[in-house]
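Colleague: I have a chain on screen and would like to talk through how it packs. Can you take my questions one at a time?

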Amino acid sequence: VRKDHNQSLMLVFSSQRSAQDTLKLMPLSEEETLATFHAKAFIPPIVAYNVCLSDPTIPVLNNEKLQEIVFLMISIISFQSKGISELPKIDWIKRANSMLPSAFSSLFDGEPNMLSQRISRDLKLMDAIFEMSLSPYRRYKDPFPSDEMVGVAGIQKLVHVALQRMFISNSYCQLYFGNQSANASHLKQPDAIKGLMPWIEIIKLQLEDPLGSAVTLAKLLSSNVKLLEDHATPSMVSSFARMIRELGPQPRLVNFYEAICATGSSPVKSNQEMILRMTWMKPEDRSKLYLEINSISEKEISLYNQTSNTPYIIKKYNAIDRLPGDDLNNGSVVTLKNDSSV
């Protein structure tokens with residue numbers, strides 16, 4: 001109901017306390033009205049995409065059609081940010097597939113548009129976007145990597161960026177995200193339960209796919225104390241430690257530990273102690289997760305090279321060729337094994 005229409009308002013009473021179950025009637029300003037129409041226009045093509053991608057009997061969209069979805073996602077991301085009316089016209093699928101999720105997400109950093117975030121939440125645009133993240137997993141048990149799904153993989157990264165922009169710096173949207181559930185009955189992921197499953201638990205099932213779920217989870221928990229307390233558990237720390245051992249120290253995994261150690265500028269000492277205890281205290285755990293660098297003498301290297309088929313390469317540092325930031329005493333050496341850099 002617009003203010004300038006001078007229409008009466010009806011009071012609506014409900015026994016439901018959740019914002020998502022409440023019918024809202026409120027006067028809207030011109031700006032709010034335009035933003036509402038804008039958000040509503042995004043939903044039909046998103047729903048159509050979700051239906052088509054979830055059904056394995058329908059062919060995956062070709063590159064031309066996927067470019068239309070890319071334009072849609074870029075428009076939604078721009079809608080969530082202040083001062084961004086248009087993003088560069090490039091091949092975003094190619095860019096997304098060539099970058100790590102954390103670096104790709106940082107391309108869209110900026111001041112959030114709180115009005116757009118609120119309207120996206122109230123009009124269920126956030127729900128429709130979250131369903132986009134599930135569609136590949138409704139189609140296939142393990143959709144990535146797959147030649148057929150290369151374009152969809154790029155779309156997935158844009159989907160997660162859109163979700164991040166919808167809740168960043170907005171506690172109401174963060175709690176909404178944390179309280180929402182989705183129907184997991186048709187998910188083909190092994191650990192999916194039947195019936196409704198919390199969004200955050202569904203995100204956890206996708207963590208091994210490097211498409212943005214770990215970045216979304218880290219940004220969500222690092223900015224909301226309530227969600228951090230509920231979900232930064234020893235089992236989750238163990239899960240990320242396992243992925244680091246199996247997949248390597250990828251930024252999206254390592255950054256999770258940084259994310260749960262503080263909310264804003266306030267340290268969370270209990271989580272810092274938990275990570276230290278679970279990943280560092282025991283030498284056998286430490287050796288599997290951390291890179292350890294030791295300084296050894298040239299004599300020790302020579303002795304090693306006499307008995308080994310994998311010799312060390314020695315680079316001496318002096319006042320002339322010392323690199324910026326090096327803090328080495330005279331006679332020290334840095335060792336690079338098998339031509340790999342440290």
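Predicted model: local features only at pLDDT ≥ 70, side-chain atom pairs only at ≥ 80, totals over all residues.

Modeller: Residues are numbered from 1 along each chain as its sequence is written, and side-chain values use heavy atoms, with hydrogens and water left out.

Colleague: How many helices and strands does the chain have?

Modeller: Both are DSSP runs, numbered from the N terminus: helices are H or I with at least four residues, strands are E with at least two. On that basis the chain has 16 helices and 6 strands.

Colleague: What share of the residues in the chain is buried?

Modeller: Buried means under 20% relative accessible area, exposed over 50%, and partly exposed in between, with a 1.4 Å probe and protein chains only. The chain has 342 residues, and the buried share is 41%.

Colleague: What angle do α1 and α2 make where they pack?

Modeller: Two packed helices are described by the angle between their axes and the distance between the axes. Axes are lines fitted to C-alpha atoms, for helices over the stretch in contact, and angles run from 0 to 180 degrees between N-to-C directions. Helix α1 spans residues 30–54 and helix α2 residues 63–79; their axes lie 11 Å apart, at an angle of about 150°. Therefore α1 is roughly antiparallel to α2 (under 35 degrees is roughly parallel, over 145 roughly antiparallel, 65 to 115 roughly perpendicular, the rest oblique).

Colleague: How many nonpolar, polar and charged residues are in the contact of α1 with α2?

Modeller: Contact means heavy atoms within 4.5 Å. Among the residues that make it are F42 and I46 of α1 and L72 and I76 of α2. Ala, Val, Leu, Ile, Met, Phe, Trp, Tyr, Cys and Pro count as nonpolar, Asp, Glu, Lys and Arg as charged, and the others, Gly among them, as polar. The tally is 11 nonpolar, 2 polar and no charged residues.

Colleague: Why is α12 called oblique to α14?

Modeller: Helix α12 covers residues 234–247, and helix α14 covers 269–279. Their axes are 11 Å apart and meet at an angle of about 50°. That angle makes the α12 and α14 pair oblique.

Colleague: Which residues of α12 and α14 meet?

Modeller: By class, this contact has 5 nonpolar, 1 polar and no charged residues. From α12 come P234, V237 and S238; from α14 come M274, I275 and M278.

Colleague: Is H160 buried or exposed?

Modeller: H160 sits in helix α7, residues 150–167. Beyond residues up to four places away in sequence, H160 touches S133, I203, Q206, L211, G212, S213 and T216. Its relative accessibility is 1%, so H160 counts as buried.

Colleague: What does Q156 contact?

Modeller: Q156 is also in helix α7. At 1% relative accessibility, Q156 counts as buried. Leaving aside neighbours within four places in sequence, its contacts are M132, S133, P136, Y137, F144 and L211.

Colleague: How many residues of α10 are buried?

Modeller: Helix α10 runs over residues 213–222 and is mostly covered. Its buried residues include S213, T216 and L221.
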